[in-house]
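Student: I am new to this structure, and I would like to learn how to read it. Could you take me through a few features in turn?

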Amino acid sequence: MAQSFHKKRAFLDREARLGLGLSLPIILIMGGLVVLPLIVTVIESFYRVEPMKPGMPFVGLRNYVNLMVDDKVLTSWVNTFIYVVIAVTIETLGGLGAALVLHKARAGRRWLLAAVILPWCLPPVVNAIIWLWIYNPSYGLLNGILKAAGLIAENHVWFNDRLTGLFLVAVVHAWRMLPLTAIILLASLQSIPANLYEAARLDGASPWKQFTTITLPLISSGLAIALSQSTVFAFNLFDEAWILNGSSIGTRSLMVQVYMSAFQNMKFSLGMALSILAMIASLMVSAVYVLRVYKETRFD
Amino acid sequence: MKRRTLLSAAAALGLGVAILPLSAFAAEPLSVLLPPWVTLPKEMTDKYTAKTQGTLDVQTLGWDEIRTKIVTSMMANTAPASATEMDWSWVGQFGSANWYDDLSGILSDDLKKDLPTTSIFTYDGKLIGVPYNNDFRVLIYNKAHLAKAGISQAPKTPDELLADAKAVKEKAGVQYPIGLPLSATEGAATAWYLLTKAFGGDLFDKDMNPLFTDKDSGGYKAMAFEVQALKDGLIDPASTSLKDVEIQELFKSGKVTFDVAGWAGNLAVYSDASKSQVAADAAAALIPNVDGKSRTIGLPGALGVPVSATDKETAHAFINWMLDPETMEDNYLKLGNLPTRISVLEKLNKDGKLQQGDTLIAQAALVEPLFAEGTPGWYPEFSAAVATNLNAAAKGQVSVDDALKAIADAAKEAQQ
């Protein structure tokens, strides 16, 4: 009895109440704006939610089964995985490079940082429209530069080839999201004590050896966060694919397919089921990255 | 004294804050959701205020975005605006979802007779949109290009169109004479529907079975025509990435000779020297047809009032103002949106204000709805399949046969 009373008092002590009070706003916000809609989405994905048809009957797994046999959905899965591979690779390597440059920069670092962050500050639609002009087959900058350099003789219609189209859409997405990776990794780099490098230099370690034995392990947590967010955002790629190439099946992402199912065809439950599958896939891939990177770069 | 002043100031501030929402409510403008081509200039909104004493809060969104906003809002039982654009292609979906009010009561019998396209916006006996923008398609061409190529009259058949385009390319130096969108967008699908009619075909029979998979069908010939013209260098290869509005820009800059699926109202814009580089050369002709007897499609725009709209009476007044002859004239002369009222069209032509008026009046008489029984709810799904597969065929990713088979399959699936 006395033990239980003690536990109760410990739970309700001042610090715990303060902690709970401070956490409450975020619990309410996340609960109301993320968890609750997620639960509703999961539940309604087992019903037929189509405003054009009366009622909302329970259909079990029918929405999920329909998604498995739909060619367009399967193609959008493949496209999305390609986007994830290209975008995460560019963002991670480019972001790490940019973070290392920013970390080493002595003069004009603030300006350099501002320039790196700029694409991330622009709304995704604006970003995509800028690149739409760059890729424009008639008057686009890309064709202009390549022609001026003598690399191509005639204008290319970049999105006529599926793989080129996928790569170009992924580049636009990576260009927008790379700054976030760079900032996360820069923060990790700045937390590494300088005396570790000094000791390594005294021991005769080469820059590459320093990078692989000091830098990489000590930024592993930042790298895991960066990889995770890159993966989730790449899975959610929408604006770039939609603005650059519309509903074209060659570059259609999962989120474009969700939009078309839900808002164009007004088959909301189908869109909900697909968005749930996309969320699960993105979390699984992120988890694999996080665990692998964390495991491989730990000292112990 | 100071304390009294302070208290008075606080009381006045409190009163002001309390009254502010009431006064704001009293002067609240009518929220209206319209596409970019109906961006009402200040001169027109001033006329609205003078006539109704009200003001407008016009939200301009792209065609796709308006639809998304309506769907999202209506799913949440909230009106996106008190009056919104209602495209002909949304009638089946929005009608079956019961999202829009029946507006037949706000139109007089005379007005209904003057608006022949109201049937397109009637779903299950309810008029869910009042047509105000008479979009039908005509062949718009650059007469200077034809003259340079030694051609004296506009083509009357698809074969003549092809022959003229080749002649213009060779003799007038126009690199890509035919303007047709081939991107995966609604505008590309619409152009294919029009060409299907031009080749003497229809999309579906009365039981909604696809009629375009047979090699002799109008739909098959139309898609083959588009793909072949692209391969022959008569259509800009960039068209696989261009929307209809971008094709219009190419026509305005003189880079294209034929705007094959031209918006009838656009002649006003094409002939305006401040907006077009080919103002003196833009001309219109009836849509070519294999039979020599022109056919075209009507794709009008309307205004609707969502069932959950708050200010319905003002919305009705706004719709009636948009139908006012003076507003319709302004809408055409300033924005290029052709009137839906026959009487206004005839008056504009009589006054010499209707660009290529005789051609437009003649083509207007040949307008057919795309779906005689009204646009079905599955149209957007079908249309997306058309846009996607036409785009893939134009890019050479699938054959015309496969593209049309995929469209037919999608149509059957959408109907289930």
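Tutor: The axes of helix 8 (residues 162-190) and helix 11 (residues 220-235) of chain A come within 9 Å and cross at roughly 160°, where axes are lines fitted to C-alpha atoms, for helices over the stretch in contact, and angles run from 0 to 180 degrees between N-to-C directions. Helix 8 of chain A is therefore roughly antiparallel to helix 11 of chain A, a term for angles over 145 degrees. This is a predicted model, in which local features need pLDDT of at least 70, side-chain atom pairs count only at pLDDT 80 or more, and totals for chains, interfaces and linings use all residues. Residues are numbered from 1 along each chain as its sequence is written, while chains are lettered from A and ligands numbered from 1 in the order in which they are written.

Student: Which residues of helix 8 meet helix 11 in chain A?

Tutor: Among them are A:His173, A:Met177 and A:Leu180, and the residues in helix 11 of chain A include A:Ser221, A:Gly222 and A:Phe233; contact requires C-beta atoms, placed from the backbone, within 7 Å. The residues of this contact between helix 8 and helix 11 of chain A divide into 10 nonpolar, seven polar and no charged.

Student: How many residues does each chain give to the contact of chain A with chain B?

Tutor: Chain A gives 19 residues and chain B gives 24 residues.

Student: What is the strand order in the open sheet of chain B?

Tutor: The four strands have the order 8-9-7-10, with mixed pairing, and strands pair if DSSP finds at least two bridges between them. Strand 8 (178-179) and strand 10 (282-285) of chain B stand at the edges, each with a single partner strand, so one side of each is left without a neighbour in the sheet.

Technical notes. Helix = DSSP H or I, 4+ residues; strand = E, 2+ residues; numbered from the N terminus. Parallel < 35°, antiparallel > 145°, perpendicular 65-115°, else oblique. Contact = placed C-beta atoms within 7 Å. Nonpolar A, V, L, I, M, F, W, Y, C, P; charged D, E, K, R; others polar.
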